[in-house]
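Hi,

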Amino acid sequence: MEGAAASKWAREASSDEEDRNQRKKKKTKRFKPSKDSPAFRDGSGTPSSSGRPPRESDMQREGASVDDNLTPMYAQDQEDQEGYRHRSETPVDTSRDQVSEAEPEYHITVPEAEQHPVLTQCRSVENYEKLNRISEGTYGVVYRARDRITGEIVALKKLKLDQEKNGFPITSLREIYTLLLAKHPHIVNVREIVVGDTLTQIFIVMDFIEHDLKELMSEMRAPFLQSEVKTLMLQLLSATELLHENWILHRDLKTSNLLLNNNGELKVADFGLARRYGEPQGVLTQPVVTLWYRAPELLLGAKQYTTAVDIWSIGCIFAEFVNNEPLLPARMPNDKIWPGFSKLPLASHVPNFVQPYNQLRSRLPYLTENGLDLMSKMLTYDPARRITAEDALKHPYFSEAPPPKHPSMFPTWPSKGEKTARKNASPSAPQAAHGHGQDEEEAGGLFNFANQESTGFRLKV
Amino acid sequence: MSQVKLSLQNALLTLEQLQQTPSREDGITEEQEDHLRQLGCHLIQHAGILLKLPQVAMATGQILFQRFFYQASLRKFAVRDISMGSVFLAAKVEECPIRMVDLANVFDHLMKKFHRLPLDPMPAFQQAFYTLKDATIVAEMQILKKLSFNVHVQTPYATMINYLKVLELIDHPVIPQLAWSYLNDGLRTSVYICYQPPTIACSVIWLAARKENVALPTTPAWWEVLDARLEDIENIAGHIASLYHRPLPISSLPLTIEQVEPYLRGEFNSNVINGSTAISTASSSKGTRVSRFS
């Protein structure tokens, strides 16, 4: 059996007597470095008898004997030989025959600089002039600043590093990675990372966006029009679709993390909790996502969750766009509408009561049937049946009248960020997601109210 | 549907960066620089094995280490510090973070081993540990800063496996392991910061197939199908293969910044430190912590 398998690679017996001789001749040349290639690391040394023993994978410069001993062990296996005939007919050796007669030179050829990123150092924050503080979030302060050279207005997000005991926080690494990776018209654009005088001062330089939606909606007298809601939702879903397609979870979608510029363009921001995930899924941190937008499987302590948690958040945001107030779905599911519910770690803590059908309609009396259908699909308890971003984008809600309003037709508002600092009125994402190794200690989920802000919604138990 | 697949390409060197490294400008010879680079990679690889990290994390660490010393001089930053910082950072980047205590213990052990010192365990909660810890945290920040936070590295391992499948070599008794080993050893050369991963994957397969005398399709040439140029493949293979003819005098190479200057003057060998002060472990028993960022 083993013979049959290995015969794939046995060389045809007759094929290369001269080939072998050829290689013997060329062997010495192979390791001659070219003198005029400065980049080449000297590789022509004699094989050493001292120091590190040559590995078994040593090139066969002296290894002609290996060739001579090579017997076509499995050549008698004719059938298999046939199978690989197409290889044997052509010059079988991939090596010297293909190469020009000229003496091979080993040198590094560097592609044109435009074709790949190059190694650079961080620039200094001195390249920007701080104007004012915009807001203070959980992870750091955001400043408005001006580029000293181009005069452009940017946002500088200073990372909080002082408390970190484990070096540079892994969450900030994820955030920077995601932001550098995810270039999309509706994801906030990161220009670069700059450093201050000491090593604790790290700033992410982003495009300055005039509003965050949380702030904006609290100022607005009337909710968004249906056409505007559709545009915002389409933009949000397209950004989310890109993230999910590339195996990234945002894990903190909420209105205060959605920015809107004066051209009606929504930008997803704050990737402080974002991370890559994969198949098979490992255990992920709990708790994540701000409580108001946290999917039920997270509330109940699931440690393996999917992109569906982001969709739940989007469903909450959708309702918030329509109603101009947060949706607080304080209803508990059961095994009938969500099989597997009772197996979740904290499910036994939840008192059993029956909710046979959903009551979203009572919360959203003015939404069309299609709109309600989309929202119900986003707020489906069972994460496996929850709609995906890709499918949500194709939902008939977006094609029925009124059509989505073009972003350039959006109303504009005076920017808050140009004035003074403000307090963050909405609750923050859980702190625990910020360091690794804390998962075990966290009881997590619904009943861990000790650290929650007073503004967060509570379930009456 | 959009189907945009995002990826961050690996940063590569420009010709100038390759020709004139900061260490060379600082008066370190090409051979010395090569030895110190290999030493750092050796250290990272072995630390990764002891820490049970996945190979991809060790590869990331070694690539970060290599990249770093194209931005900074080996005279100013010690091999020990930067390799510790690289492992620490790479473990986070690859989502398998390690504890500082484990890292410090492993490096303490390896450094003693490299310099043929007695392998006493590192005393807990004493100056030796805090020295290593602070050095690691500073080194991590320096790496991030010098590489402008571009620390997510693409490695050729998965690509190589796929190529082996395409070439129907995946069940060969020798080639997959051999090619994998070439990838690991190649981390000690500059190929990972001069070529993109797919080219490197082709090259190690080419090298392994030649070693095993296995014929690969040539009409059309398989490397052309995989978008690699034969010239690049041969260059990379040459660099990797030449590694095996360069012995690494591990015990006479400097690990800390204090050992670098004697080494560059040619006065350093491990006998000097055997009896005396060069490694400042265990000597000071009072655990006074130094500030994290100097």
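Let me start with chain A, which has 13 helices and 11 strands. Helices here are DSSP runs of H or I with at least four residues, strands are runs of E with at least two, and both are numbered from the N terminus.

A word on provenance before going further. This is a predicted model, in which local features need pLDDT of at least 70 and side-chain atom pairs count only at pLDDT 80 or more, while totals for chains, interfaces and linings use all residues. Residues are numbered from 1 along each chain as its sequence is written, and chains are lettered from A and ligands numbered from 1 in the order in which they are written.

**Confidence**

The predictor gives the complex an ipTM of 0.80 and a pTM of 0.72. For pLDDT (the predictor's confidence in each residue, from 0 to 100), chain A averages 68, with 56% of its residues scoring at least 70. Residues 1-105 of chain A have a pLDDT below 50, and this stretch makes 125 contacts in the model beyond near neighbours in sequence. The pLDDT is also below 50 over residues 434-461 of chain A, where the model has 42 such contacts. A contact means that the C-beta atoms of two residues, placed from the backbone, lie within 7 Å.

Chain B has a mean pLDDT of 84, and 89% of its residues reach 70 or more. Its residues 274-294 stay under 50, and the model has 31 contacts beyond four places in sequence for them.

**Chain A**

Of the 461 residues in chain A, 37% are buried. The cut-offs go by other C-beta atoms within 10 Å of a residue's own, again placed from the backbone: 20 or more is buried, 12 or fewer is exposed, and in between is partly exposed. Among the contacts in chain A with a separation of 6 or more, 70% join residues 24 or more positions apart.

**Chain B**

UniProt, in an unreviewed entry, lists "domain: Cyclin-like" for residues 42-145 and 158-242 of chain B. UniProt positions are given in the numbering used here, feature names are shortened, and annotations may be inferred rather than shown by experiment. Residues 42-145 of chain B are 69% helix and 0% strand, with end C-alpha atoms 24 Å apart. For residues 158-242 of chain B the figures are 62% helix and 0% strand, and the end C-alpha atoms lie 24 Å apart.

How do helix 6 and helix 7 of chain B cross? The axes of helix 6 (residues 100-114) and helix 7 (residues 127-146) of chain B come within 10 Å and cross at roughly 110 degrees. The two helices are therefore roughly perpendicular to each other. On the helix 6 side, the contact is made by B:M100, B:L103, B:A104, B:F107 and B:D108, and on the helix 7 side by B:A128, B:F129, B:L132, B:K133 and B:T136. By class, this contact has 7 nonpolar, 1 polar and 2 charged residues.

For the conventions, axes are lines fitted to C-alpha atoms, for helices over the stretch in contact, and angles run from 0 to 180 degrees between N-to-C directions. Angles under 35 degrees count as roughly parallel, over 145 as roughly antiparallel, 65 to 115 as roughly perpendicular and the rest as oblique. Ala, Val, Leu, Ile, Met, Phe, Trp, Tyr, Cys and Pro count as nonpolar, Asp, Glu, Lys and Arg as charged, and the others, Gly among them, as polar.

B:R116 sits in the loop between helix 6 and helix 7 of chain B. It has a positive phi of about 55 degrees although it is not a glycine, and is partly exposed, with 13 other C-beta atoms within 10 Å.

**Backbone points to check**

Most residues other than glycine have a negative phi, and most peptide bonds are trans. B:K52, in the loop between helix 3 (30-50) and helix 4 (55-68) of chain B, has a phi near 60 degrees. The peptide bond from B:T219 to B:P220 is cis, with omega near -10 degrees. In chain A, the peptide bond from A:A401 to A:P402 is cis, with omega near -5 degrees.

Best wishes
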